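This briefing covers model confidence, salt bridges and a surface patch. Please consult the sequence and the structure alongside the text.

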Amino acid sequence: MAFLPNTILEIRYVDDPQPITEKSLPARFWHAFRILMFPRLVGTNVQHLSIPPAFKGTRTQYLLMRLRQFVTSVIIVEVYKSLSGVVKRSPQPLLLPATTVAWIIAIYWALTMAYVGASFIAVATRMSDPEDWPDLFGPYTEAYTVSRAWGRVWHQLLRSICTRWSDIVHRAFGVPRGTLVSRLVLVNVAFAVSGLIHSAGDLAYNGVCFGRSWPFFALNGLAVSLESILAPSARRAGISGKSRAWRLLGYVWVWAWFTYSGPQYRQWTYEIQTAGEEPQRSPVKDAVLLYM
């Protein structure tokens with residue numbers, strides 16, 4: 001089982017130089033708890049570069065910023081809920097692709113609402129410092145490829161979990177690092193695991209829906225793989241995101257891709273709702289669907 005990584009030994013917080021092996025048992029539990037509850041691993045030696053920079057300012061300024069974001073997110077989510085009720089009553093499934101962008105924006109702000117609420121409480125009670133809670137999402141201007149949309153703009157709450165399984169596959173099969181094959185393994189295993197995790201939310205509808213969300217994530221793994229395969233040729237041809245024209249073309253590509261793939265995630269829920277099988281009210285739905 002040498003290919004299984006030892007997460008506890010590999011991850012350390014930069015403000016805590018004491019090795020985990022030298023800590024007391026309660027300290028080890030606290031270390032593991034922080035890794036489990038804060039999966040973006042902010043402040044550790046393995047924090048990903050895509051995590052937005054830490055907030056620079058006073059605690060009061062941070063709290064005021066989060067309060068504004070919370071109010072904004074509540075308004076946007078409530079407006080979306082009102083408009084989505086009209087869309088759901090429409091008999092035209094062709095509206096699904098047309099509303100994909102609105103759906104993504106709604107998820108963005110729903111997650112933001114939950115995150116800024118938690119960060120406000122943690123910082124206001126001095127359980128955490130502002131730098132422990134950087135923005136959940138990166139700048140949307142970075143979304144000029146599907147890869148960057150997922151890796152730099154979207155939240156990274158599942159990144160460490162999903163890529164950990166990619167690491168296991170790398171070690172188990174001896175995939176050489178730094179190669180195109182390594183990149184493809186990383187991407188597709190990570191998206192497959194993400195799809196399985198999100199499929200848990202399918203159970204909030206009924207027991208036979210598990211896995212209906214998975215194709216969306218598998219398709220996005222393929223899209224990122226295609227971009228990875230074409231990237232070397234694009235660079236040789238002088239195609240770069242630094243060019244305004246190519247970046248605009250990239251935005252069109254990303255919009256077109258999610259307009260196509262987004263309904264793969266939502267089409268089946270539309271079918272259930274139009275068939276009169278409304279999602280069951282349950283703790284699973286209330287606790288999980290917000291993040292799916």
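The points below are grouped by topic.

This is a predicted model, in which local features need pLDDT of at least 70 and side-chain atom pairs count only at pLDDT 80 or more, while totals for chains, interfaces and linings use all residues. Residues are numbered from 1 along each chain as its sequence is written, and side-chain values use heavy atoms, with hydrogens and water left out.

**Confidence**

- The chain has a mean pLDDT (the predictor's confidence in each residue, from 0 to 100) of 83, and 84% of its residues reach 70 or more.
- Helices are DSSP runs of H or I with at least four residues, numbered from the N terminus.
- Over residues 276-292 pLDDT stays under 50, and the model has 32 contacts (heavy atoms within 4.5 Å) beyond four places in sequence for them.
- Where pLDDT is low, the predicted coordinates should not be read in detail.

**Salt bridges**

- The structure holds 7 salt bridges, each defined as a side-chain nitrogen of Lys or Arg within 4 Å of a carboxyl oxygen of Asp or Glu.
- One of them joins the side chains of Arg164 and Glu10 at 2.8 Å, N to O. Because Arg164 lies in helix 7 (residues 159-173) and Glu10 in helix 1 (residues 7-10), the pair ties together parts that are 154 residues apart in sequence.
- Arg164 is buried, at 18% relative accessible area, whereas Glu10 is partly exposed, at 30%. Buried means under 20% relative accessible area, exposed over 50%, and partly exposed in between (1.4 Å probe, protein chains only).
- Glu10, Arg164 and Arg171 are linked in a network of salt bridges.
- Arg66 and Asp135 form a salt bridge with their closest N and O atoms 3.0 Å apart. This pair links distant parts of the chain, 69 residues apart: Arg66 in helix 3 and Asp135 in the loop between helix 5 (100-124) and helix 6.
- Arg66 is buried at 2% relative accessibility, and Asp135 is partly exposed at 32%.

**Nonpolar surface patch**

- Leu64, Leu67, Phe70, Val71, Ile75, Val79 and Leu83 form a nonpolar patch on the surface, together with about 620 Å² of accessible area.
- Patches consist of residues with over 30% relative accessible area and no salt bridge, with like charges joined within 9 Å and nonpolar side chains (Val, Leu, Ile, Met, Phe, Trp, Tyr) within 5 Å. Accessible areas come from the Shrake-Rupley method with a 1.4 Å probe, and for residues only the protein chains shown count as cover.
- Leu67 is found in helix 3 (residues 59-88) and is partly exposed, with a relative accessible area of 43%.

Notes
Helices (H or I, at least four residues) and strands (E, at least two) are DSSP runs, numbered from the N terminus.
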